[in-house]
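Visitor: I would like to learn how to read a protein model step by step. Could you show me where to begin?

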Amino acid sequence: MIDYIRGELAELTPAMATIETGGVGYGLNISLNTYTSIQGKKEAKLWVYEAIREDAYVLYGFASKKEREMFELLITVSGVGTNTARMMLSSMSVSELCSAISTGNAKLVQSIKGIGKMTAQRIIVDLRDKIVALGIADEIPAGGTIAAPVNNAVRDEAVAALTMLGFSPAPTQKVVVAILQEQPTLPVEQVVKLALKQIK
């Protein structure tokens with residue numbers, strides 16, 4: 001599995017980036033958001049999603065891990081393929097898309113080319129809880145209330161560690177965030193220890 005590719009940005013169009021590393025040029029399909037992020041740079045690092053089908057092997061590249069996570073969530077929705085997901089991430093930023101989904105703004109989601117009313121509603125129903133649970137929408141906490149900011153790096157490490165231990169990401173995220181809101185200066189290992197006592 002390819003996690004990311006870093007190298008010289010050999011070619012760039014609004015839909016495709018070619019990154020050369022080790023004498024190999026990797027062509028990656030990109031969104032307009034990623035295009036804007038890497039435009040004008042000599043080197044780039046793109047997080048990769050591999051779409052392997054019987055008739056094709058296609059790479060998608062993302063300027064941030066959050067954009068890749070959002071892409072991976074979108075393609076889990078029935079009726080949303082890789083091209084539609086890329087179109088959605090070209091039409092809105094990750095935070096705008098998260099905001100539209102978490103607030104149930106079907107009209108805004110539907111305004112994206114290729115998204116009909118039923119698909120927009122399905123995206124909201126399927127992903128509303130998941131985007132909060134995965135921490136993609138840091139600024140949109142569960143329930144829509146404004147929570148105290150937490151150390152994202154510590155939170156992400158703690159959730160990743162607990163997930164590797166076999167705990168489900170959704171409840172883990174809530175417990176970790178609650179701990180960090182009460183004790184924002186705790187190191188990762190202490191957060192994990194406390195979370196282990198609280199996760200059901």
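Visitor: How many helices and strands does the protein chain have?

Guide: Helices (H or I, at least four residues) and strands (E, at least two) are DSSP runs, numbered from the N terminus. The protein chain here has 9 helices and 5 strands, and from the N terminus on they follow the order β-β-β-α-β-β-α-α-α-α-α-α-α-α. This is a predicted model, in which local features need pLDDT of at least 70 and side-chain atom pairs count only at pLDDT 80 or more, while totals for chains, interfaces and linings use all residues. Residues are numbered from 1 along each chain as its sequence is written, and side-chain values use heavy atoms, with hydrogens and water left out.

Visitor: Along its principal axes, what does the C-alpha trace span?

Guide: The C-alpha trace of the protein chain spans about 50 × 45 × 35 Å along these axes.

Visitor: What percentage of the residues count as buried?

Guide: Buried means under 20% relative accessible area, exposed over 50%, and partly exposed in between, with a 1.4 Å probe and protein chains only. Of the 200 residues of the protein chain, 39% count as buried.

Visitor: Is Leu73 buried or exposed?

Guide: Leu73, which is found in helix H2 (residues 65-74), counts as buried because its relative accessibility is 9%. The C-alpha atoms of Leu73 and Ala85 are separated by 9.0 Å, and these two residues are 12 residues apart along the chain.

Visitor: What share of the contacts with a separation of 6 or more comes from residues 24 or more positions apart?

Guide: Contact means heavy atoms within 4.5 Å, and residues 24 or more positions apart account for 50% of those contacts in the protein chain.
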